[in-house]
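Please brief me on this structure. Start with the overall picture, then take the local details by topic.

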Amino acid sequence: MSLAAGIVGLPNVGKSTIFNAITAAGAESANYPFCTIDPNVGVVDVPDARLQVLHHFVKTQRVIPAAVKVVDIAGLVKGASQGEGLGNKFLGNVKETDAILHVVRCFDDPDIIHVHGKVDPRADIEVIELELALADIETLNRAHERVSKKARSGDKDSIAERDTYAKAIELLEAGTMLRLVEWTEREREALRPLFLITIKPVLYVANVAADDIGKETELVAAVRAHAEATGAGVVALSGDIEGEIAGLEPEERAEFMADLGIEESGLERLAHGTYDLLGLQTYFTAGEKEIRAWTVKRGTKAPAAAGVIHTDFERLFIRAEVYSVDDMQKYESEAAIKAAGKLRVEGRDYTMREGDVCHFLIGK
């Protein structure tokens, strides 16, 4: 799986409603805390109109978009790390994700219970982040205790790990999320096996009322201010509206969104927001068998991009033939692109660009 995101939030903020909308997985959604008991996992295609542009001109057997795995866990409450509510036992399900989608309630509705009795996005965020921090402190304490024994014998690697874990514990206890810290590569290597949650990038999902779509309400502004102060991203959407969109046929969907002034679905905005947060980009391959979207880090060199298709391709890479989706739209065939001198031949030092369409030449 190229990308995985975990959804967290308080009970009754709309996590499962949003999960249902973007995955069509049918997770149970109801008006009481702890409705979601087992983690829901869905795999969703990342919408990308460029795939259909390529398919219009390149006849192929199938079109394969990039995919995102989405993990939705039970709502967390204050004291989860001490066993309140359902406790923090489900947090392990988001440990191996790449990013956190933190759903925050930004709507007033007297018919939907708020676990704290009032809608306060900043306070809600603080509750969740404290519980995530406490879960990470527990993980770090166990790791610190384990490596301290070896560190006392003078083992240099163990000493470095012990000091890194101690530093992380101190930061979390002071209220600093680990994602905000500039870690050395050696420190990151020490922390990586622990799959800490607070070191992951965060995209805040402001769940607004249907009537507030496109508006910068006071509640949304509070989420955005916190995100800007903590290096996170923000997407505002209405879980209820996204559920309606997900249930429509493509033609009806476009008309419905146009009537509401929505240019992109919530899934598209979540995907784009997560890609931006993680520094990811897309390239394509297009041939007789398939057209496919591939996900790589920004700054990836051509051999490493080829290696995403198959690990041997990075080692055996010779060169890449590259054009853009815009080239295909303008010239309407690869032959015409080549005749116009727009088909580029790139070597091992080529840095991939967003939207490249590539043929990789691989040796034996």
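Here is a short briefing, from the whole chain down to single residues.

This is a predicted model, where local features need pLDDT of at least 70, side-chain atom pairs count only at pLDDT 80 or more, and totals for chains, interfaces and linings use all residues. Residues are numbered from 1 along each chain as its sequence is written, and side-chain values use heavy atoms, with hydrogens and water left out.

**The whole chain**

- The chain holds 13 helices and 12 strands. Helices (H or I, at least four residues) and strands (E, at least two) are DSSP runs, numbered from the N terminus.
- Of the 364 residues in the chain, 47% are buried. Buried means under 20% relative accessible area, exposed means over 50%, and partly exposed lies in between (1.4 Å probe, protein chains only).
- Take the contacts between residues at least 6 apart in sequence: 67% of them join residues at least 24 apart. Contact means heavy atoms within 4.5 Å.
- The accessible surface of the chain is about 18,000 Å², and carbon and sulfur atoms account for 49% of that. Areas come from the Shrake-Rupley method with a 1.4 Å probe; for residues, only the protein chains shown count as cover.

**Helix 1**

- Helix 1 spans residues 15-23, and seven of its nine residues are buried, so the rest of the structure largely encloses it.
- The buried residues are Lys15, Ser16, Ile18, Phe19, Ala21, Ile22 and Thr23.

**Helix 3 against helix 6**

- Helix 3 (residues 121-151) packs with helix 6 (residues 218-229) at about 45 degrees, and their axes are 9 Å apart. Axes are lines fitted to C-alpha atoms, for helices over the stretch in contact, and angles run from 0 to 180 degrees between N-to-C directions.
- Helix 3 and helix 6 are therefore oblique to each other. Under 35 degrees counts as roughly parallel, over 145 as roughly antiparallel, 65 to 115 as roughly perpendicular, and the rest as oblique.
- Helix 3 brings Pro121, Arg122, Ile125 and Glu129 to meet Leu219, Ala222, Val223 and His226 of helix 6.
- By class, this contact has five nonpolar, one polar and two charged residues. Ala, Val, Leu, Ile, Met, Phe, Trp, Tyr, Cys and Pro count as nonpolar, Asp, Glu, Lys and Arg as charged, and the others, Gly among them, as polar.

**Positive phi**

- Most residues other than glycine have a negative phi.
- Phe195 is not a glycine, yet its phi is positive, about 50 degrees. Phe195 sits in the loop between helix 5 (185-191) and strand 6 (202-208). Phe195 is partly exposed, at 38% relative accessible area.
- Glu332 is not a glycine either, and its phi is positive at about 75 degrees. The loop between helix 12 (325-331) and helix 13 (334-339) holds Glu332. Glu332 is partly exposed, with a relative accessible area of 49%.
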